[in-house]
Amino acid sequence: MDNYVSDNTARRYKAHVSVLGTTQLHLRSPSIIAWWSAAYPGFGHLLLSKYLRGFVLFIWEVFINLNANVNWAILYSFQGKFEMAAGVLDTRWLLVYLPVYFFAIWDSHRTTVDMNKVYLLADREDHRFNLFSIGAMEINYLDKRNPIMAAIWSAFVPGLGQLYIHRLVTALFVISWTVVFLYLSHFLEALTLLIVGDISQSTAVLRGEFLLMLPSIYGFAIYDAYVNTVENNKLFEKEQRRFLKDNYRDSNFQILKGEKVNEC
């Protein structure tokens, strides 16, 4: 049940609020989106709310990365063992990995440029959109929330910040993969051993190929939660300003430009 049902006569809309989350168009930096795609293919598209494309690229990255031993090569490179890094790479998988990796960067940059243009047109047209949605399982509505809190919760567990701002699709995806990477990397087990002082065993149980997945997913979750909270707040303020102007401003009120006001 929505508070406004669009008749789809407008060419463009700035946002869509449903029980699954709030999706909106806003200005983004193509370079930053491309950077996130370079950090981990799929993240750039998820930032653009291009979920299906982002999910495909993310899962592709996980599958090909593990088969090509890319993360092992990175770990050996960090240690200065460049010959071992080159030797561990599986070129059969690596040659499949590279084209898709560069495609993710290029496509996210191109899409950002296009979506920025669409946003400018949608903002100029300024059509109404639904801002309250209630269903049997969920309630979602446009309101203001704290960007710092969204980032903090994502720093604890990736995906919690997305739950805080009601981005359920991204939250479910990020939380699920965080659990997978934490379990397969033995990170929590290693952390427990480190706390009790068994440093050698803590290092031994870690699985580096999965451990290197965690920094990217943590960074993405924090950034995504913070940015989308800020943009949701801006969208709320614009909608609130429009509502007050349409319903509470005197129809005879006029702003007189260029006229001097006599001081008392």
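## Helix H1 and its buried face

Helix H1 spans residues 30–39, and Ile-33, Ala-34, Trp-36 and Ser-37 are buried in this helix (buried: under 20% relative accessible area; exposed: over 50%; 1.4 Å probe, protein chains only). Viewed along the axis of H1, the buried residues fall within an arc of 155 degrees, so they line one face of the helix; the arc is taken over directions from the helix axis to the C-beta atoms. Ser-31 and Trp-35 are exposed on the face of H1 turned away from the buried side. Helices are DSSP runs of H or I with at least four residues, numbered from the N terminus.

This is a predicted model, in which local features need pLDDT of at least 70, side-chain atom pairs count only at pLDDT 80 or more, and totals for chains, interfaces and linings use all residues. Residues are numbered from 1 along each chain as its sequence is written, and side-chain values use heavy atoms, with hydrogens and water left out.

## Packing of H1

The buried residues of H1 pack against helices H2 (43–47), H6 (91–125) and H13 (213–248), where contact means heavy atoms within 4.5 Å.

The axes of H1 and H13, as lines fitted to C-alpha atoms over the stretch in contact, come within 10 Å and cross at roughly 155 degrees. That makes H1 roughly antiparallel to H13 (angles over 145 degrees). Ile-32, Trp-36 and Ala-39 of H1 meet Ser-216, Gly-219, Phe-220 and Tyr-223 of H13 in this contact.

## Annotated transmembrane regions

An unreviewed UniProt entry places the feature "transmembrane region" at several spans, including residues 55–78 and 84–106; such annotations may be inferred rather than shown by experiment. Residues 55–78 are 96% helix and 0% strand, with end C-alpha atoms 29 Å apart. For residues 84–106, the chain is 91% helix and 0% strand, and the end C-alpha atoms lie 30 Å apart.

Note on methods:
Helix = DSSP H or I, 4+ residues; strand = E, 2+ residues; numbered from the N terminus. Axes fitted to C-alpha atoms, helices over the stretch in contact; angles between N-to-C directions. Parallel < 35°, antiparallel > 145°, perpendicular 65-115°, else oblique.
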